[in-house]
Amino acid sequence: MAITDVPEFAHLTDADIENLGRELDAIRQDIEDSRGARDARYIRRTIAAQRALEVAGRLLLAGSSQRKFWWAGTATLGVAKIIENMEIGHNVMHGQWDWMNDPEIHSSTWEWDMSGASKHWRFTHNFMHHKYTNILGMDDDVGYGLIRVTRDQ
């Protein structure tokens with residue numbers, strides 16, 4: 001389907017589309033030019049904080065004889081996992097930090113604690129899901145159950 005087949009965009013002229021392209025390119029260039037040491041510090045600190053939370057959670061669980069420490073350890077591990085999956089792993093695997101050329105924080109080498117290998121996630125998520133978003137039979141994220149559903153589900 002071409003953009004001219006979508007009613008919301010069919011009124012755009014070739015010049016409008018070219019102008020939109022230039023505006024989007026300018027936004028991208030602005031973002032690329034703004035990346036630097038502050039961003040690198042952010043991801044490194046986030047990784048360090050996530051790892052510290054994971055260690056703290058495991059220590060609370062291992063050293064706990066009281067239920068409140070077990071709950072605290074469980075909650076701490078839960079927060080660490082959320083940060084690992086959503087703020088670190090997902091973004092690293094999308095290549096958000098590849099500009100740093102840091103082999104430890106690069107989409108081609110990053111491995112995270114999940115059920116599959118990172119290279120498989122990159123294919124099913126970065127390629128299949130983002131190319132065929134919500135298309136039954138193409139996007140594996142459709143139909144996983146509670147979160148990703150179609151109208152029929």
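Helices are DSSP runs of H or I with at least four residues, numbered from the N terminus. In this predicted model, the helix examined here is H2, which covers residues 37–62. H2 has 26 residues, and the distance from its first C-alpha to its last is 37 Å. This span is close to the 38 Å expected at 1.5 Å a residue.

Several positions of H2 are buried, namely Ala-40, Ile-43, Thr-46, Ile-47, Gln-50 and Gly-57. The cover over these buried residues includes helix H3, residues 67–93.

The packing of the two helices was then examined. The axes of H2 and H3 lie 8 Å apart, and the helices pack at an angle of about 155°. Angles over 145 degrees count as roughly antiparallel, and H2 and H3 are therefore roughly antiparallel to each other. The crossing of H2 and H3 is left-handed. Of the residues that form the contact of H2 with H3, 14 are nonpolar, six are polar and four are charged.

Thr-76 is located in helix H3. The relative accessibility of Thr-76 is 16%, so this residue counts as buried, the cut-off being under 20%. When residues up to four places away in sequence are not counted, Thr-76 touches Leu-53, Ala-56, Gly-57 and Leu-60. Gly-57 is also one of the buried residues of H2. Between the C-alpha atoms of Thr-76 and Arg-58 the separation is 8.5 Å, while along the chain these two residues are 18 residues apart.

Note on methods. Residues numbered from 1 in each chain as written. Predicted model: local features only at pLDDT ≥ 70, side-chain atom pairs only at ≥ 80, totals over all residues. Heavy atoms only, no water. Expected span 1.5 Å × (residues − 1). Buried < 20%, exposed > 50% of the residue type's maximum accessible area, 1.4 Å probe, protein only. Contact = heavy atoms within 4.5 Å. Axes fitted to C-alpha atoms, helices over the stretch in contact; angles between N-to-C directions. Parallel < 35°, antiparallel > 145°, perpendicular 65-115°, else oblique. Left-handed = near helix turned anticlockwise from the far one by under 90°. Nonpolar A, V, L, I, M, F, W, Y, C, P; charged D, E, K, R; others polar.
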